[in-house]
Amino acid sequence: MIPGGLLGPVGGLEQVWFTSKESMSRGSRFVTRTALSGRSHAQVLPRQARTWECEIPYDAPQEGQILDQLETWVARQREPLVWYPADALGTNMLDPDASQMGTDWWEDVESGGARVLPGDGLPGPRFLSSASTSPSGKWAHLSSIPVPHNMTLTASVYLSAYEGQTAYFWLDELGIDGATIEGRVHKATTSGVLQRVSHTITTTPETVAVTFGVARAVTVTAPALTLTDHVRPWGVGRGCTSALVDVTARDPLWTATNQYIYGSADATSFTIRELVA
């Protein structure tokens with residue numbers, strides 16, 4: 001069994017413990033609709049929506065109640081949840097497009113080039129997408145990435161500074177009102193080429209999200225966020241910031257009685273569905 005992922009609304013992420021399965025599959029990129037006239041239309045999604053089929057083999061009621069509450073919360077609030085599967089926590093919690101410098105996610109960046117063959121003597125991974133910021137010093141942002149409070153995490157990015165300048169990487173911690181928490185702005189710099197710059201922090205009880213900020217970088221690539229106390233080898237993001245949850249099955253294994261002191265337990269299955277705009 002593996003420790004499960006993080007699930008919940010912004011500011012209320014909960015760990016789902018002891019999942020034995022978090023299988024991910026992808027749907028079609030095309031959504032078709034047929035009008036009353038019989039004419040069909042197809043909508044092309046930016047990418048295929050992901051679905052996770054998850055199982056918890058031994059789920060005590062006091063542990064599984066969070067899934068029931070989140071399922072009800074989505075139905076009442078009409079708001080999606082944030083889902084970081086277990087394998088994202090140590091790989092990359094960012095959305096796949098955000099981790100590959102998608103301009104729908106990053107603000108004030110220009111699309112950059114690729115590094116197909118990294119055998120050029122420079123550090124860093126192979127990458128097929130990158131971005132650049134203005135040499136004037138204007139910030140570029142990846143804003144409001146949901147994070148759990150009171151936990152250690154590491155944020156990193158590869159930067160190349162403009163010649164004769166210093167590139168900056170800020171990490172701002174945000175409160176529930178979306179404002180930066182006083183005294184919780186972290187800054188790192190580099191004057192090199194494709195240098196990995198990172199911050200390892202422990203979030204405060206008030207922290208609900210973080211924002212990546214970069215400036216004066218001719219190359220920005222391979223951003224990552226992990227629930228670790230050190231940087232990990234870079235991988236494409238596996239997080240999901242817009243998801244729905246359905247508890248699909250619950251099979252009682254045993255029921256608490258006066259003679260059975262360990263309490264009740266169920267085998268629980270639930271499904272996470274990504275919403276792609």
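The model is predicted: local features need pLDDT of at least 70, side-chain atom pairs count only at pLDDT 80 or more, and totals for chains, interfaces and linings use all residues. Residues are numbered from 1 along each chain as its sequence is written, and side-chain values use heavy atoms, with hydrogens and water left out.

Start with the open sheet of seven strands, ordered 2-1-7-18-19-6-3 with antiparallel pairing. Strands are DSSP runs (E, at least two residues) and helices are too (H or I, at least four), numbered from the N terminus; two strands pair if DSSP finds at least two bridges between them. Strand 2 (14-15) and strand 3 (21-26) stand at the edges with a single partner strand each, so one side of each has no neighbour in the sheet.

Next select helix 1 (residues 61-77), which packs on the sheet and touches strands including strand 1 (6-8), strand 7 (81-84) and strand 18 (240-254). Contact here means heavy atoms within 4.5 Å. The direction of helix 1 makes about 135 degrees with that of strand 18, using lines fitted to C-alpha atoms, for helices over the stretch in contact, with angles from 0 to 180 degrees between N-to-C directions.

**Strands 6 and 19.** Select residues 50-59, strand 6, and residues 265-274, strand 19; seven bridges join the two, which run antiparallel. D59 has D266 of strand 19 as its bridge partner.

A salt bridge is a side-chain nitrogen of Lys or Arg within 4 Å of a carboxyl oxygen of Asp or Glu. Show R250 and D266, whose closest N and O atoms are 3.9 Å apart. R250 is in strand 18 and D266 in strand 19, so the pair ties together parts 16 residues apart in sequence. D266 is buried at 13% relative accessible area, while R250 is partly exposed at 32%; buried means under 20%, exposed over 50%, partly exposed in between (1.4 Å probe, protein chains only).

Then select R273 and D246, which meet in a salt bridge (2.5 Å, N to O). R273 lies in strand 19 and D246 in strand 18, 27 residues apart.

Go to D108 and K138, a salt bridge of 3.5 Å, N to O. Both D108, at 43%, and K138, at 48%, are partly exposed.

**The patch.** Finish at Y58, L253 and W254, which make a nonpolar surface patch of about 290 Å². Patch residues have over 30% relative accessible area and no salt bridge; like charges are joined within 9 Å and nonpolar side chains (Val, Leu, Ile, Met, Phe, Trp, Tyr) within 5 Å. Areas come from the Shrake-Rupley method with a 1.4 Å probe; for residues, only the protein chains shown count as cover.
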